[in-house]
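This report covers the surface and the aromatic side chains of a predicted model. The sequence and structure are shown first.

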Amino acid sequence: MQNAHSTKKGADVDSINAFFGWLFGTRPGVIALMVGGVLLFVLIAWLLEKRTRARFYNHEKQEGDWDLFDDGEDTRS
């Protein structure tokens, strides 16, 4: 005879199993996994960029510096 605790534990394991089955076994689950991963990495990149700009706030652009979004025009006077 099973007690209430072991039945609840089995229900928890079943719900976790169902979630992972949905996450990896269905198209909406895989899309949710991919979107979540992209959002996670965007958040990490934003936080690291914020920390870098705070650390090097007084860095003036020099001759050897390049910018990812640089269009080739020199705007310095």
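## Stacked pair

Being four residues apart in helix α1, Phe-20 and Phe-24 are separated by about one helical turn. The ring centres of Phe-20 and Phe-24 lie 6.2 Å apart with the planes at 10°, so this pair is stacked; planes under 30 degrees apart count as stacked.

Phe-20 has 42% relative accessibility and therefore counts as partly exposed. Phe-24, at 52%, counts as exposed, because the cut-off for exposed is over 50%.

## Tilted pair and ring cluster

A search of the whole structure gives three aromatic pairs. One of them joins Phe-19 and Trp-22, with 6.2 Å centre to centre and 35° between the planes, and is tilted. Both residues belong to helix α1, where Phe-19 and Trp-22 are three residues apart, about one turn of the helix.

Phe-19 has a relative accessible area of 42% and is partly exposed. Trp-22 is also partly exposed, at 36% relative accessibility. Through ring pairs, Phe-19, Phe-20, Trp-22 and Phe-24 are linked into a cluster.

## Nonpolar surface patch

The four residues of the ring cluster, Phe-19, Phe-20, Trp-22 and Phe-24, also contribute to a nonpolar surface patch of about 600 Å², together with Ile-16 and Leu-33. Helix α1, residues 4–25, supplies the largest share of the patch, five residues.

Ile-16 is in helix α1. With 49% relative accessibility, Ile-16 counts as partly exposed.

Conventions
Residues numbered from 1 in each chain as written. Predicted model: local features only at pLDDT ≥ 70, side-chain atom pairs only at ≥ 80, totals over all residues. Heavy atoms only, no water. Patch = residues over 30% accessible without salt bridge, like charges linked within 9 Å, V, L, I, M, F, W, Y side chains within 5 Å. Areas by Shrake-Rupley, 256 points an atom, 1.4 Å probe, with all protein chains shown as cover. Salt bridge = Lys/Arg side-chain N within 4 Å of Asp/Glu carboxyl O. Helix = DSSP H or I, 4+ residues; strand = E, 2+ residues; numbered from the N terminus. Buried < 20%, exposed > 50% of the residue type's maximum accessible area, 1.4 Å probe, protein only. Phe/Tyr/Trp six-rings, centres within 6.5 Å; stacked < 30°, edge-to-face > 60°.
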